[in-house]
Amino acid sequence: MAVPGQSEGDQLHTVVSDHMSPSRILAGRALLWLAALQLLVVLIVQVLHKLEAISIGFVNWRPLLYAYVFWAIALCVSQVLVRGEQGKRALFVLPAVLFVVSMVVFPLLFGLYISFTDWNLSSPTGPKFNGLANFRQMSGDPFYWNALKNMVYYVLAVTVEYTIAFGLALLLNAQVRARKFFRVAFLLPLMLSPVAVSWMVGKSMMEVRFGPLANLGRLLGWDNPSFFGTPELARMTIMLMDAWTFIPFMMVMILAGLQALPKEVQEAAKIDGATPWQGFWQVTFPLMLPVSITAIVIRIIFKLKLADIIINVTSGGPGGATDSVTSFIFREYRDRSNVGYGTLLAMVYLVLIIIFVTTLLKVVNRWTRQFHQEGAG
Amino acid sequence: MTDQTAQIFMDTNADLAFRAKWYSKRALIYGALVFWAFVSLFPIYWTVTTSFKIAPDVMQGSLIPWVDFLPQWRGWRSLGLSPDTIFSTSTVREEFLKRFTNSTIVSLSASLLAVVLGSLAAYGLSRFSYRFGFMKNSDISFFFLSQLILPPVALALPFLVLYKELDLLDSRIGIILLYTLMVLPLVVWIMRDQFRAIPVELEEAALVDGLSVWGAFLQIVLPIALPGMVAAFILALVLTWNEYFFAALLTSTDAKTLPVMVASQTGSQGINWWSMAALSGAAIAPLVVIGIVLERYIIKGLAAGAVK
């Protein structure tokens, strides 16, 4: 890792005359080198042990983790010792950066390696490099493509959720009594764990024989209220349950945006003779655009991780109609212990997500700029 | 003169129409509010009442206690949490409490760790300029926030194998580390906003008074930013308490959390509705309470990111 350095433009300016004695700098450097050395020694010993070149070694790789943690702490301490004030500033960001780098970058690189192997945890032989075989298997796997297609539907459902969330936020923003009660009530679904929701709603309220929702369906003239009977219906039901838990999330964000709007603008529109409908579309909605976009983008990001409800209610059925990518890979591992193939699928999904979200942000940025130009012109 | 006053105080037809319109609009607003409150609360109500039902009540689809059916402790007795079983030994209750403790420890420590790491990073990024190699402040911020789009599934299987080698599989520490990673971007996102709102002059004054950078942070900034940190903490708590995916893959016997227990019970077919309802009810209860009591902070946390 490169050493953090200071450039111009600090928010907080400090004038410090650091008195760095040579021995202090030396101690800092020595500490860092020592820590790196012990990390290296542990690594070499363990690798040799695993390769059965030497008999001494550890049962598992845990000591390497301790050595790494020690090295990370040594790095932080040496920053302060060597670079004084600058080091103390680096200490704010360094722990989080080290944490994320070691928790994300390393596993992802490792995952990249796994995804090119035929690793199956239930088979006695270890991982073996199999090149692009996983890729070939993926391109011929109808269930994976089906899951990706489902993700498109699930993401599109966000627009409906957004509309409802906006409506609810407008309601809460109106002059109403007992606003606090309604706010808490509307927020509660967000607090519930998807797993509990899948039982509460998916398995009991939608139970065909005596669930209240099924009873309601019968009352409304639906003869056979099976919510997971046909693929389309099952997908819709999953969307509904997911929407139910996450609408409050968008609602709160939009509500915050509404409350931050300048009141004068809306009043000015009213005085100019705009109907509430016009006032909303020409004043409130454009002003809310940045908040809306933030809410929608974050919601889409959460939506792309959708899995818990599907795993627990339908396990992807009927016939993979409700499968999300995550739930599909989950079963690929659960049922077949197929780590190599599952990881490749996940990696491909990650790449697709990155491409999708980057494009989305670009499009949205351009669109808002156009929208504002049109509004101005 | 009198004519005019009479006209002012008389309700003309137009006024009456306006008032009628106003009332119908009010009715519409309250109707919509009550309807959605019902939609939001009914599943919770249903779960709580079902936990007090017995077989015939469930099959008749009874809804209102004491009117439709007589509440009984069956569901809670099967969990060992009813008044008559609470002091006797119960293996189910022990199992439940073990999972409950796991969930509590894991979510509290992960949220705390995330808030500490995330707040420090957010503060540093909002006050100083860094350069890690080619990465400047905005890149570091983006690096943290970009973790948000990382799907859990991309990390799950590598972590499964890594944890196996590190002997961290089915341990609380392992799950805590992963959960911290999961909520860290949200914490950075919220806290960056909080620290930006605090004027730099406060710390400058503290520095003039002889405090160090860390001293100014701990003594001046931290107390001001505390509500924001509580908001981030609560939000992290909600996410980590409810997390299922990682827990299902990485824990089995020792470190299993509550959602995994609930899920494994739903999977088995023979389970009674009332015990399942009691279990679900007990699993969601802590967060429902938090949602009611600390609603202010949750809204503050979510709002911090949304409104710039």
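Predicted model: local features only at pLDDT ≥ 70, side-chain atom pairs only at ≥ 80, totals over all residues.
Colleague: How confident is the predictor about chain A, and which helix of chain A has the highest confidence?
Modeller: Chain A averages a pLDDT of 86, with 95% of the residues scoring at least 70. Confidence in chain A is lowest in helix 9 (residues 263-271), at a mean of 83. The highest, at 94, belongs to helix 4 (residues 142-173) of chain A.

Colleague: And where in chain A does pLDDT stay under 50?
Modeller: For the stretch in question, the model has 12 contacts beyond four places in sequence. pLDDT stays under 50 there, over residues 1-8 of chain A.

Colleague: On to chain B: how many helices and strands does the chain have?
Modeller: Reading along the sequence of chain B, you get α-α-α-α-α-α-α-α-α-α-α-α-α-α. The secondary structure comes to 14 helices and 0 strands.

Colleague: What radius of gyration does chain B have, next to a compact globule of 308 residues?
Modeller: The C-alpha atoms of chain B fill a box of roughly 80 × 75 × 35 Å along the principal axes. A compact globule of 308 residues would come in near 19 Å, but chain B has 27 Å.

Colleague: Which element gives the most to the side of chain B that touches chain A?
Modeller: The contact takes 88 residues from chain A and 86 residues from chain B. On the chain B side, these divide into 65 nonpolar, 14 polar and 7 charged. The element giving the most there, with 13 residues, is helix 2 of chain B.

Colleague: Is helix 6 of chain A roughly parallel or roughly perpendicular to helix 2 of chain B?
Modeller: Helix 6 (residues 194-205) of chain A and helix 2 (residues 13-50) of chain B have their axes 10 Å apart and pack at about 75°. Angles of 65 to 115 degrees count as roughly perpendicular. So helix 6 of chain A and helix 2 of chain B are roughly perpendicular.

Colleague: Which residues meet there, and how many are charged?
Modeller: From helix 6 of chain A come Met200(A), Val201(A), Ser204(A) and Met205(A), meeting Pro43(B), Trp46(B), Thr47(B) and Thr50(B) in helix 2 of chain B. By class, that contact has 5 nonpolar and 3 polar residues, and the charged count is none.

Note on methods. Residues numbered from 1 in each chain as written. Chains lettered and ligands numbered in written order. Axes fitted to C-alpha atoms, helices over the stretch in contact; angles between N-to-C directions. Helix = DSSP H or I, 4+ residues; strand = E, 2+ residues; numbered from the N terminus. Parallel < 35°, antiparallel > 145°, perpendicular 65-115°, else oblique. Contact = placed C-beta atoms within 7 Å. Nonpolar A, V, L, I, M, F, W, Y, C, P; charged D, E, K, R; others polar. pLDDT = per-residue confidence, 0-100. Rg over C-alpha atoms; globule rule 2.2 N^0.38 Å.
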